[in-house]
Structure formats: C-alpha cells, structure tokens
Amino acid sequence: MPVSPRLITLTTDFGASDHFVAAMKGMIATIAPRARVIDVTHEITPYEIMEGAFVIAETWRNFPQGTVHVIVVDPGVGSARRPILAEAGGHYFVAPDNGSLSMIYYAASKLTVREITNPKLMAKEVSRTFHGRDIFAPTAAHLTLGVPAKTFGKPIHDCVTIDGIQPQRSGDKSWRGTILKADRFGNLITNFHIDDFGVITTRAFELRIGTETIRRLALTFSEAAIGELVAVVGSAGYLEVAANQTSAAKILGCGPRAPVELEF
Amino acid sequence: MPVSPRLITLTTDFGASDHFVAAMKGMIATIAPRARVIDVTHEITPYEIMEGAFVIAETWRNFPQGTVHVIVVDPGVGSARRPILAEAGGHYFVAPDNGSLSMIYYAASKLTVREITNPKLMAKEVSRTFHGRDIFAPTAAHLTLGVPAKTFGKPIHDCVTIDGIQPQRSGDKSWRGTILKADRFGNLITNFHIDDFGVITTRAFELRIGTETIRRLALTFSEAAIGELVAVVGSAGYLEVAANQTSAAKILGCGPRAPVELEF
Amino acid sequence: MPVSPRLITLTTDFGASDHFVAAMKGMIATIAPRARVIDVTHEITPYEIMEGAFVIAETWRNFPQGTVHVIVVDPGVGSARRPILAEAGGHYFVAPDNGSLSMIYYAASKLTVREITNPKLMAKEVSRTFHGRDIFAPTAAHLTLGVPAKTFGKPIHDCVTIDGIQPQRSGDKSWRGTILKADRFGNLITNFHIDDFGVITTRAFELRIGTETIRRLALTFSEAAIGELVAVVGSAGYLEVAANQTSAAKILGCGPRAPVELEF
C-alpha cells in the first residue's frame, strides 16, 4: 500500500533571488527523493528571529501530523549556537537554537528538544556559513525516511527563548503585548491569542496602539467601514488590528515590535 | 496502473511573506496528499480582481484537462459574496463570485457555475477571514480526489462579471480597450485577443495609447530597435505594447486600466 | 520497482507576478506528469545573462546526477540565437545559446553541447516570444522521460561565452576579478573560486574593492565584528566580501560588475 509522502515545510530569511533555498531542496531531494517540500516563506526580514518564530507558530497547525518544519533565520551560523530538533504536538521542528521555536515551546504539547550532533546525518562536509543546506535540510530529509529523532542527538533542557514574545500583565485588568508582524494587507498582528484572551468576544475592551484606542471587535474585514480601525480575530487565532481594504499599519504608522495594550 | 496526479494551480493576492499560501497548501495536503500544487502567482495587487481575472485567463490553457484552478482575490471575504465552482473548457475554476472568472466565462466552452454550499466539503470550522484555506483549498483538494462537481452545490446563473474587461466598439472601424497588466519586462498587455482581432496581422492599423500611436506589428521583441514602441501578439494571444529590452510602461507612463484605441 | 522522479530546476528572469513560470510548469506537467520541478530563482535581473550564468553555477552541484537545469534569461528570444542542450558533469542544462552556460563550460567535465532542432520535441506551435514554454520546458520534460540527448539535435562547437566571467592575471602575483552578484544579505560574491585560489587559506593576501583593502579571511560571518569587512569562502566555493549582520554591498557602495583585485 503506498504511503503518503512525508511533508517538509521551509521558513527562512533567504529571499527569492539567491540559490540558497534551491540548495536546501537539492540536498533534500538527494537524500529523500520522495519527500515533498512546501515553502512557507523565505521573506522573513534578514536576521529577524522573532518574525520567523511567529510565522511558524501561525502555520504549523495547518499541516498533517508528522510534518517536519524547518526554520532558518540564523545570524549566528557557524558560531557556538546549537542546531536543534524539537518534537511538539505530533510535528517536528528543525532550527538553530536561537529562540526561533519560542512560540512552539509555549503552544505545543509533549515537547522534547534535542541537540543535533550526529555527523552521519549531516552533509559530508559541513560549510561554516550554510547550515541550512548542510545540517537542517539533511535532518529534515532523514526524518521523512523514518530515522528516529533520538538518532540525531540527546535531549537538552536549556533552549534559548525570546523575551517579550508572550503578553505581560500590566495591571489588574490589562496586559501589555506587542505587534509580531504586519501582513501583506497591512493588518497588524498582536501576540494576544484567542486561546488565552477569548474573553474579548464577550466583554467590553480597549485595545490601545499608537495614538488610537479600538473598542470594536469585527467578525470580518468587510464589516468595518473603509478606513475604520477594528480588532479582528485572525485566521491563526491572534488578535489583529485591521481596516477594511486599507492598511492599518499605514494609518497607524506602526509595525513589528510596536507596543499594544489590552484592557477589559 | 498509476494514474497521473491531479493538478491544482493557485493565483492569489496573498504575497510571499505571510503564511497564507502555506496554510492553503497544508489544507490541500491534509485532504489530498497526492495532489500536486503549482503556484501561478501570489503577487496580484491586493484586492485587484481584474488583474487576477486576467492572469488566470492567460494561464489556464497551458495546463492539462481536469486541472483545478483556484483564484483568491477576495476583498469581500466573510460577506455575502458566494464561493463558486465553475467547469469550463474541461477545467475547474474555484473562486469567490466577484468577477474573478469574468474572462473564463467569455472564453471557455461548456460553462457550468455552481455555488459551493456543502459544509462537508469545507474545513470543519470556517474562519470568517480566510476562505482561501477553509473553503477554496478544500474544494480543490476534494475535486482532485474525484468528488463530482454537483456534490459541492447547485448551478447558478447570475454570476458577477467585471465591466470593461472586453473591448467595446467605439466607431465604424475602431474599438476601445484597456491595459490589463504590465508584465515584469514593462510590456503593456491589452484586452485585444488575437482570436477576435486576428485581422491585425493582415491590415494596416493604428494602436493609440497615451500620447503615442503605434502602427507596426513586430513578430519578436528583438525585431524592434531598443526603445522603439511596437505591437506584439503575446504568448497568450493578447496584443501587447512592447519595446525591445526596455519598459514600454516606463516610456509611456502607462499601466493597468490605461485606455487604448485600436483602429483599422 | 518505483524509480525516483526526475528533477527539473528552473532559473529565469521572469519574476513572480506574471504567468510565465506557471506556463512552463503547465507544459512540463502535460508532457511529463511525474517530473518534479524545483525553482532556483525567477528574480534574475531582467536580461542579465551573467547573473543567470552565475546562479546556475552556484546551484547545480547541490542536485543529484541526471537533474535537468533550465536557464532562461533570453533577451534575444525569437532572433537567430540557438536553443541548446548541454550535458556536463552528469547533469543536463537547457538554455538559449547566449552565454548563460559559460561557467558550466568552464567547471564541468565531459561536456557535450547540442543545438535543439527537433520540432517533434517542441510545442506544436512555437511562439516567437516565449521559447521558455515552447522549447526549453518541453526539452526538459522529454529528457525526464528518457528521450536521449542525441534525439534533440546535433553537437555544436562554437557556443557563445561571456567575456570576463573568469579572473584574469593582472601581475606577477595578482589577478583581476569581478563581483558576480550581491546576495540578499549584501555579501558581494566574486568570481575567485576556491578550486583555483585555494592558496588564499594559507598565504597573506590583499583583496581590493572600491576604496577598501581586505586582508582577513574569516571562517564564519559571526567571526567578524558588526560592520567589519572580511573575506569569506562562500557555501558554493566563491570568495565573498562580507560584513557580520550588515550589508557589505551598502558599506562599499558596490554591486555586480564591480572590479576586485586579489594579490598575494
């Protein structure tokens, strides 16, 4: 009986104009010719680990159990930072240990993280500047062939996480959060997730950002007037500041890392 | 005997830097692990339905019969606009009912359009802001598994179409058209198709755009002098205004929606 | 026994917003439904043959033997320039004969180049403006089906090559080279390859570019101070001018075609 091909997703800051992504795919195709690769994005802002951490957090639940997610935003490539393999929520995550998986650690159940140390499961020669091709791609490829996670290296318990990626309580009924990303349509995505802040759908609230205060939760973008700022629960469960057919980011002059405050 | 994998093409305004496209592909891979997905483009200008309508019209004939084409340029997502499934020319087209398929309705034979209403063929929970993932991707995936079109919903006969997407007669021997798109090389693609205006290859003509009048039909770009404006029949059959190794769009200062007049 | 699917890579200047790439993929899927296509990049600067020549030179060794690489940067499409099929180093290369394969001719062993002339292996109608779809894509697709190279056309021995793509001796111990590309991170990639200039790892050197002289070879980007210019051997073996987490291209105000001098 034919088995479904195993999936690998790629999230990097490599852009679209160099050979980096193709080099990773060539390595995967050499080791695991039947693995299927899906690009999440290669347009993470260079070196912006938090942005990569967020994009994979938004994405992974859309894929079947057993999918291998590779995240390479790696300013420290070639330095002492460790390559890691995490198992969480029935998925695999392969990345440098620089905080890229911070939101996965928070959200996913049954977490095990291993340092990748087995040289037999890397490229024969490991370049000092391109671990995406020489360590992370081979790890993903071997995982799709059924190599068990424990073969890659031993569990570790001191993974790097990014500060401020979760909202902090700032008062009795208020939390301080941050903008994680502006999407293509100018919607500003906060780190308030509906799983933690579901109360927003039933209680009066103020969401403060820049010089504006938003008090309305809309169900769809088109429910707002053109140019009106509203809060929306985005498709991955994060609260967003949006404006119908207009860029909320431009209206507010805000972007990633801008502070937001939520009060009930 | 192994059957060829069924193809799905994707055309959206989702861009390359968010998780939207990957979320659609994850949904497709979950429902139909063997379906193959080919990106047409995700760089349709946000909310520009006419541009999406044109790109799919240029593209679909390059694919085999039975291909499923998904087009998501959807400013009205979550509002009352209907999700539709069209069968035309032996292909399937899945899109919001907002005019995205206007040029398919005009060009393709044996047209049937259905409203997609069967909740069993959608995601279990349908988000109000992301029908690409929750309705259009599952529809395409189920089609590749052999689910018959009639299972998705009933035929409708009042589809939305875009005004001005076909040239209008403006005089005895003249037609008024429009620029549908500027391509990467600055070629300006008109809505005059060789199937309707084939006479241009045998008769003297004037093509007026901006402040210029073009009287020469070139067979190849390289036939023109560098910087000379000529008319060319593009690879999808639409008449283009081009300049050899130069951007006609820049020379003319024209882009999408600019009027053009063709006179014989 | 199932055979691994044959790979095709695509490198073009077609960009991401038009239907050109999808049209090529549709043609491939029609002829060879089981072929797998991997994009290298479609963001080669329009008409920049040298950039395309370099990107494929960086990329091809990452793929398995037998891979078919299609390179389409083709300002002369429709003119007398020949379409060619090269066999080199166990791989296939399909491109216009305009110098796109210059670096492959230099680097690869067992070179045979043929003119593609067999109309039975092209599209039924060959457009004058889109040989990517009508000649190069069908050639690649038929190759993955096992059609022998000799069926496409006869060997030729007068291929076009690009001047200045290899470093030239400029003195007793000095060579004049050029910047082939600035990558996404602003690293400036020279045409000095470690296979020819390996001595740089053991001997004192001066690498002169713009108004700067670099004397240090770093093993990793992170070894340099932020903003410090160093030389690095890149992941494809070419010497690069880099700056840790900063764009060397911006610091130097240099880009493709800038001269560099290497002296020992």
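Predicted model: local features only at pLDDT ≥ 70, side-chain atom pairs only at ≥ 80, totals over all residues.
**Stop 1: the axis**

The copies use different surfaces, with 6% of the contact residues of chain C recurring in chain A; contact here means heavy atoms within 4.5 Å.

Residues are numbered from 1 along each chain as its sequence is written, chains are lettered from A and ligands numbered from 1 in the order in which they are written, and side-chain values use heavy atoms, with hydrogens and water left out.

**Stop 2: where chain C meets chain A**

Keep both chains on screen and show their interface. Here 33 residues of chain C are in contact with 35 residues of chain A. The two chains bury about 2,700 Å² between them, with 55% of it on carbon and sulfur atoms; buried area is the accessible area (1.4 Å probe) that two parts lose on being put together, summed over both. Which residues of chain C lose the most area to chain A? Select Arg184(C), Phe185(C) and Ser235(C), which together account for 28% of what that side buries.

Next, look for charged pairs. Between chain C and chain A the count is 2 salt bridges, a salt bridge being a side-chain nitrogen of Lys or Arg within 4 Å of a carboxyl oxygen of Asp or Glu. To see one of them, select Asp18(A) and Lys181(C), whose closest N and O atoms are 2.6 Å apart.

The interface of chain C and chain A also has 11 residue pairs in polar contact, both residues at pLDDT 80 or more. A polar contact is a pair of N or O atoms within 3.5 Å; within protein, one must be able to donate a hydrogen and the other to accept it, and residues adjacent in sequence count only if both atoms are side-chain atoms.

Now colour chain C by element. Strand E2 (36–41), helix H2 (49–59), strand E8 (174–182) and strand E13 (229–233) of chain C each supply at least two residues of the side that touches chain A. E2(C) gives the most to that side, with 5 residues. Helices (H or I, at least four residues) and strands (E, at least two) are DSSP runs, numbered from the N terminus.

**Stop 3: where chain B meets chain A**

Zoom in on Asp18(B) and Lys181(A), whose side chains meet in a salt bridge (2.6 Å, N to O).

**Stop 4: a salt bridge inside chain B**

Stay with chain B and select Asp97(B) and Arg82(B), whose side chains meet in a salt bridge (2.8 Å, N to O). The pair links distant parts of the chain, 15 residues apart: Asp97(B) is in the loop between strand E5 (91–96) and helix H3 (102–107) of chain B, and Arg82(B) is in the loop between strand E3 (68–72) and strand E4 (83–88) of chain B. Over all chains, the count comes to 45 salt bridges.

**Stop 5: the open sheet of chain A**

Finish with a cartoon view of chain A. Its 6 strands form an open sheet in the order E2-E1-E3-E5-E4-E6, with mixed pairing; two strands pair if DSSP finds at least two bridges between them. Strand E2 (36–41) and strand E6 (112–115) of chain A stand at the edges, each with a single partner strand, so one side of each is left without a neighbour in the sheet.

Follow strand E4 (residues 83–88) of chain A to E6(A): they pair in the antiparallel sense over 4 bridges. For one of the residues involved, click on Ile84(A), whose bridge partner in E6(A) is Glu115(A).
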